[in-house]
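Here is a friendly briefing to read alongside the structure. Have the viewer open and follow the topics in order.

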2 protein chains.
Amino acid sequence: MSNIFSERIEALRGLMLSRGWDAVIIGGSDPHQSEYPADRWKQVRWLTGFTGEAGDVVVTLDHCGLWTDTRYFIQAREQLEGTGAVLHKTRVPEEVLIPEWLGMQFGSDAVIAVDSLCQSAQTVESLRSCFNVIGVPDLLSVLWEDRPAIPQTPVFRIRAGETRQEKLRWLRETLAENGCDVILVSALDEVAWLLNIRASDIEYNPMAISYLLVGEDYANWYVLKDEVEDPQSLDTFDVLAQEGISILPYDSTALSLAELEDKTLWLDSASVNAQLREAVRCRVVLRPSPVAERKEVKDPKEIEWMRECHIRDGLAMEKFLYWLERSLAAGKSISEWDAAVKLGQYRSEIADYMGDSFETISAYGKGAALPHYITPKENAPLLEPHGLYLCDSGGQYLSGTTDITRTIPLGDCTDEEIRDYTLVLKGHIDLASAIFPAGTPGCRIDAAARLPLWRNLCNYGHGTGHGVGFFLGVHEGPHQIRQNMGPEPLVEGMVTSDEPGIYREGKHGVRHENLLLTVDAGTTEFGSFLAFETLTLCHFDASIIDVQLLDRYELEWLNAYNLKVFETLGPLLDEELRQWLKTKTAPIVLE
Amino acid sequence: MSNIFSERIEALRGLMLSRGWDAVIIGGSDPHQSEYPADRWKQVRWLTGFTGEAGDVVVTLDHCGLWTDTRYFIQAREQLEGTGAVLHKTRVPEEVLIPEWLGMQFGSDAVIAVDSLCQSAQTVESLRSCFNVIGVPDLLSVLWEDRPAIPQTPVFRIRAGETRQEKLRWLRETLAENGCDVILVSALDEVAWLLNIRASDIEYNPMAISYLLVGEDYANWYVLKDEVEDPQSLDTFDVLAQEGISILPYDSTALSLAELEDKTLWLDSASVNAQLREAVRCRVVLRPSPVAERKEVKDPKEIEWMRECHIRDGLAMEKFLYWLERSLAAGKSISEWDAAVKLGQYRSEIADYMGDSFETISAYGKGAALPHYITPKENAPLLEPHGLYLCDSGGQYLSGTTDITRTIPLGDCTDEEIRDYTLVLKGHIDLASAIFPAGTPGCRIDAAARLPLWRNLCNYGHGTGHGVGFFLGVHEGPHQIRQNMGPEPLVEGMVTSDEPGIYREGKHGVRHENLLLTVDAGTTEFGSFLAFETLTLCHFDASIIDVQLLDRYELEWLNAYNLKVFETLGPLLDEELRQWLKTKTAPIVLE
């Protein structure tokens, strides 16, 4: 059995034979190590047909392996059928990662070719300590004839809490404090944040594909501009140039780096690719960019705008939930896809809506048991008037980024559905209401969301919370709340999701997600403490809660949250919807 | 101002001048890196007068510094007065550790002398990468004229779940699996565990100062035996020799190591000292000993005996608490010291009692605000019929090791005392009743005990739980439950303490401590889960609990625990005490 993908893999083997390569590594990212690459860099998809958001491929003369994590095992098995490629599981106890696997296949004289443009400098460096590594930029280009170009969407300026001059001043001070002269900002969201610009080069991610090189008295922005004719980009370039920022061609980045002499250059260990690293001749400090951490801490203006955009996003959500309930009650036939489209419509009516922040997960029943379910456009399952419907969605606005999951009972639910719904809500509330000492990393409070689930022998295989940008990536690091050993502390001003879940294969899935802002909780003789303020505003359906499973403070939290939703959104809704929301947010009382 | 200690420090400086040393490092441990060294190796105490259980000293020609952690700041400041030595704080955000501090004082040509016998090989190795390090075994001996000898107490055999032959067989298999031929077991509790022997060389720690070298077909026990005349030791040596274990002089260990040729030797990175490391000529693998992890997992016999010994220990505790209440009610004058002595007496009446497992902390009122308070023998504070009395104690028995803390209301308590008492109990219960996935390290569930305290802006500066040995050290690693990033998972069969606290300087201290056995909690579609079985049996005084602060499951846990204490211990107590315990363990009911 063979298909287009097995043919492409064979073609790559032909290239390998002609070049004398024993193995080729194709990474799932782009030259900026973005989590979501543009189509041009979806090399794993082109080669194997696998469409998951995380995956690396190794091809040898007699093996083709895809390395991906728990989220994508089912999907990978289906998509790899007939390609000859084999799934290698990661994030499981028995995982054998790529370098280790290569070590089992080859000696140190093996020739390993990597796409040096899309592999991080760190990865290639560690491979070099074991093998003879050849870096080939855009390795697949000779085979991939209709490869998409690098996207060039209009680049526009945004209002921001701090001006780009203030941000650049801070960055230069940070360079000096760390004994560096120059920094290459290579992560796309960091460039966008520093320059207060946005674009749409990557779906859902409002960034422009570019690099920024900042020295003591200059800032060079390497961006695609050869064919720029749109007025927004021209205006942006014009304004930035007036501020002293040089606009240079994207493909001249490596050359500029090579010309640096007698300087100490800070390269971002998380995002710089091997090709750029190897272009550098001067002294290099390879460590995480200081912009990542700073960007996570929202400034007062950004916080104010994020609060406002969550009101508007909440209104869209409530309109959607009302429409859903009414339509199903009226016996209308609604598919998962229809629901996702309708929600997108409500969001698009918001004044400063700039698109969704990721592809809406609209999943009924057993579909929701896949945490990263992809709603099919054709023949999407219909919503039925019983059981649970899960909707995970978010918007990009000039005033911020949202990410919300609601699990909605569409009618009668099983005892198991009711219990799972309540336990996940318990976990969500326990994290949302947690207080913790300043300096606490997210991994130390991840258990707050899990303990109620663990107590009932339940668990979920994904993280509890990810950082969220300000009209930037819906995933933003390095801070997070998960079962890792990440040392990054939660800091006042950070925005993080709170999204525990329970997934029962073939049955149903529950996830409850709000965004939380880290805020000051006061200082006592035991130190300074932090807490969370919930930004997301959309009621939790209390009708199927098993009240016996909630503790008093959890019930109080739920009632207070639903009341806040009603009091904030109610006055902004028309009478009919306001009355409906009043019913939906009525406090539940302990018998 | 000067005293005996400043004179000793000056004498050391004289030695330094004559030898050309720029700095001397004196560690707080012994040649086995024991947590509690015998008197011979209390070098820090001899040099500076500081008696804390953790501290290292650096002496230069113009500075003497003691590095110790939060537990000992107050004590160190008091004890160092007049010595000229200065406190350097560790485990604080601004800590500057010894290597870093030395780097700020000296260049790489500085000559740093270390006591290579009492410093770990790893520490010395990392110092050598920065400085010119001279290792001097027993560095202080030329100055310390009446230095105590290495202790030699009777060595006796114990009953154990596995024979020493079974344990040695497992160790040899582990060596082979790891590509090693020989292992030097250098941690004292590991030698005792492997050989099923005990002694009393170190107070509270039933171990014999010795090394064990295990090869494919031999086992050499290096132990002090020159002057052995006691029948227990002679019998032990005799039996072990008959089993093929060679008994060799303690001071011939280094020589034996030097003679190993063409072998791969496993040295325990946690406990091998620099002097032994440097004696080795063959290939060395320096990593944590496999014995540490294996020893932590108690076998079924040890678990059975530990359960039994906690019944007997619990009886002693209840007798003590009854005596305390009656004596105070009768108006008797009881000091902290008197109470500690009385508790020791009750324990010593138990058939297989072998001593206490650490020095009893008997602290009334503000004394209890110091987590590591030392009860003074002379002029100890009297217990008063109000407020809180804290007693942290434990026993060594042939059938196991115990460690228990109770905080006892002696009469009226302030609202703050009642609240702190209840919150700490809440934290204790939340950890004791936690369920968690197999493979979870202790650091991931530490928050279970802290979250209820954090929620009320309280915290404690020590770990929540430490491993406990089977008739071995009351502190046993590597697993623990604390705010670190330790990866060691909690495993079925491990025993760990659960001891959150709240300490208010100048007012009071609360700590509630039981020992927990890790047990299986079942397997579901979400994986295997573990839980805790509480081993300790002694009621918690429910009379001053603020019931409003407890959640339903916490109240249920407390009532069930107190009932279990009564049902287990009641039948073994005389009628009067049984009736008293019945009252003390009566369930509390939510109004």
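**Overall fold of chain A**

In chain A, 66% of the contacts with a separation of 6 or more are between residues 24 or more positions apart, where a contact means that two C-beta atoms, placed from the backbone, lie within 7 Å. This is a predicted model, in which local features need pLDDT of at least 70 and side-chain atom pairs count only at pLDDT 80 or more, while totals for chains, interfaces and linings use all residues. Residues are numbered from 1 along each chain as its sequence is written, and chains are lettered from A and ligands numbered from 1 in the order in which they are written.

- Chain A contains 17 helices and 28 strands; helices (H or I, at least four residues) and strands (E, at least two) are DSSP runs, numbered from the N terminus.
- The radius of gyration of chain A is 25 Å, close to the 25 Å that the globule rule gives for 591 residues, so chain A is as compact as a globular protein of that length. The radius is taken over C-alpha atoms, and the rule is 2.2 Å times the number of residues to the power 0.38.
- The C-alpha trace of chain A spans about 75 × 60 × 55 Å along its principal axes.
- Buried residues make up 48% of the 591 in chain A. A residue is buried if 20 or more other C-beta atoms, placed from the backbone, lie within 10 Å of its own, exposed if 12 or fewer, and partly exposed in between.

**Domains of chain A**

- Chain A is assigned domain 1 (4–142), domain 2 (156–296) and domain 3 (300–584), with bounds that come from an automatic or database domain assignment.
- Between domain 1 and domain 2 of chain A, the C-alpha centres are 29 Å apart.
- Where these two meet, 16 residues of domain 1 of chain A contact 19 residues of domain 2 of chain A. Helix 5 (residues 121–128) of chain A gives the largest share of the domain 1 side, 3 residues.
- That side of domain 1 of chain A has 8 nonpolar, 8 polar and no charged residues. Here Ala, Val, Leu, Ile, Met, Phe, Trp, Tyr, Cys and Pro count as nonpolar, Asp, Glu, Lys and Arg as charged, and the others, Gly among them, as polar.

**Helix 12 of chain A and its partners**

- Helix 12 (residues 300–329) and helix 16 (residues 552–569) of chain A have axes that come within 11 Å and cross at roughly 100°. Axes are lines fitted to C-alpha atoms, for helices over the stretch in contact, and angles run from 0 to 180 degrees between N-to-C directions.
- Helix 12 and helix 16 of chain A are therefore roughly perpendicular to each other; angles of 65 to 115 degrees count as roughly perpendicular, under 35 as roughly parallel, over 145 as roughly antiparallel and the rest as oblique.
- I311(A), G314(A), L315(A) and E318(A) of helix 12 meet V565(A), T568(A) and L569(A) of helix 16. By class, this contact has 4 nonpolar, 2 polar and 1 charged residues.
- Helix 12 of chain A also packs with helix 17 (residues 575–584) of chain A at about 85°, with axes 11 Å apart.
- On the helix 12 side of this second contact are E318(A), K319(A) and Y322(A), and on the helix 17 side L577(A), W580(A) and L581(A). The classes are 4 nonpolar, no polar and 2 charged.

- K319(A) sits in helix 12 of chain A and counts as buried, with 20 C-beta neighbours inside 10 Å.
- Leaving aside neighbours within four places in sequence, K319(A) contacts Y346(A) and L577(A). Y346(A) is 27 residues from K319(A) in sequence and 7.3 Å away in space, C-alpha to C-alpha.
- W41(A) lies in the loop between strand 1 (23–26) and helix 2 (43–48) of chain A, and counts as buried with 27 C-beta neighbours inside 10 Å.
- Beyond neighbours within four places in sequence, W41(A) is in contact with D30(A) and C118(A).

**Where chain A meets chain B**

- The contact takes 23 residues from chain A and 24 residues from chain B. Helix 15 of chain A supplies the largest share of the chain A side, 4 residues.
- The chain A side divides into 14 nonpolar, 5 polar and 4 charged residues.
- In chain B, helix 15 (residues 446–454) is mostly covered, with 9 of its 9 residues buried; among them are R450(B) and W454(B).
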